[in-house]
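Please keep the model open beside you while you go through them.

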Amino acid sequence: MTEGVLRRYAPYLPVGPGTPMISIGEGGTPLIRSRRLEKRFGCQLYFKLESCNPSGSFKDRGMVVAVAKAIEAGSRAIICASTGNTSASAAAYGAHCGLDVYVVVPKGNIALGKMAQALTYGAKVIQVQGNFDDALRMVRALTDRHPLTLVNSLNPHRIEGQKTAAFEIVDDLGDAPDQLFIPVGNAGNITAYWRGFVEYFDAGKAHVKPQMMGFEAEGAAPIVRGQVVEKPETVASAIRIGNPASWQKAEAARDASGGIIDMVSDEQILEAYHLMASEDGVFGEPSSAAGIAGLLKLTRAGWSFAGKRIVCVVTGSGLKDPDTAVRYSTVSLTEIPAKLSALERALGCG
Ligand code: F0G
């Protein structure tokens, strides 16, 4: 049976005798080596496939800890604001544990697969006529007044759980990589990875700490621009965020690691999205392509990554956003009659 994050990393997590050791199979995700894309960069490129978590994104690592701690504290109901993946994950773990789940999402701006998940897992889905930042502001105010457990990454247990992805990378590679390329939205994940790498370094499990290379979307880049973005816009709906909750922590991770937080355009995100899938067989959602988009951008700007060991985090599955996949497809469909001769003609061998 799969161990799950709570059991596997118990010594590093806030678990005690009263913590329910729940799991629906999160963590233990594949770290795979690029075969084709890495040749453009002259580096060793690995993908951490967080899309292989049970609800299809990295959120499950943090959610399992947040939900276990909520149950331990006697809570019966959880709530989050979300661009989609946090809500899918909260809905999954809430269902597994019989909790009431409320998810507050920006109307019209969450990917179809994520909505399908939240609904099917049985969460109460509330669509706000506003963006993610509005939803988060409302949910924070609500949980100050009512006995619902907030499971956004403001909940410290979320970050604790998410840091285990860094542990797995070190466990798999035998040390930390030189650099970690990662999308930045609400900025919890870059914060969590950095914490994980630092803790493993301090525990003597790693001999180096990686540079954190975070990427926001150009139309939703408050950290890069140094100011709140009132109306964030990007094709990568998961990171369409104008006022990240973990803003300062992400800057601290960037600075302590000697890394950067930069931004990539929608065009660069979609180029990377297609390249990851068509050259390496890695189908991430658009937000998950921000890391590779950043690597391409910096390479074109003259940066050298030759000889470096780089991990790129694929944060969520491409299947979550089928609309974007179809809308921006670069391949045309061919339709033929059900005849062998027509098939031969279509393939150019007739
Ligand atoms: N990639 C994906 C697929 C995401 O869903 C998110 C965030 C990020 C990257 C950025 O991570 O917020 O920790 O910087 N999704 C949140 C949500 C906001 O509500 O699902 P971050």
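1. Buried area is the accessible area, taken with a 1.4 Å probe, that two parts lose on being put together, summed over both. In this predicted model, domain 1 and domain 2 bury about 3,300 Å² between them, and 54% of that area lies on carbon and sulfur atoms.

2. As for the two parts themselves, domain 1 is made up of residues 5–57 together with 158–327, whereas domain 2 covers residues 59–154. Their centres, taken over C-alpha atoms, are separated by 21 Å, and the contact takes 44 residues from domain 1 and 37 residues from domain 2.

3. Which residues of domain 1 lose the most area to domain 2? They are Ile22, Arg158 and Lys320, which together account for 24% of what the side of domain 1 buries.

4. On the polar side of the interface, there are 21 residue pairs in polar contact across domain 1 and domain 2, with both residues of each pair at pLDDT 80 or more. Three salt bridges are counted between the two domains. Elsewhere in your reading, please also look at Glu168 and Arg61, whose side chains meet in a salt bridge with an N to O distance of 2.9 Å.

5. The elements that give two or more residues to the side of domain 1 that touches domain 2 are helix 1 (4–8), helix 6 (156–162), helix 7 (164–173) and helix 13 (322–327). Helix 6 gives the most, with four residues. The residues of this side of domain 1 divide into 15 nonpolar, 18 polar and eleven charged.

Technical notes. Residues are numbered from 1 along each chain as its sequence is written. This is a predicted model: local features need pLDDT of at least 70, side-chain atom pairs count only at pLDDT 80 or more; totals for chains, interfaces and linings use all residues. Side-chain values use heavy atoms; hydrogens and water are left out. Domain bounds come from an automatic or database domain assignment. Contact means heavy atoms within 4.5 Å. A salt bridge is a side-chain nitrogen of Lys or Arg within 4 Å of a carboxyl oxygen of Asp or Glu. A polar contact is a pair of N or O atoms within 3.5 Å; within protein, one must be able to donate a hydrogen and the other to accept it, and residues adjacent in sequence count only if both atoms are side-chain atoms. Ala, Val, Leu, Ile, Met, Phe, Trp, Tyr, Cys and Pro count as nonpolar, Asp, Glu, Lys and Arg as charged, and the others, Gly among them, as polar.
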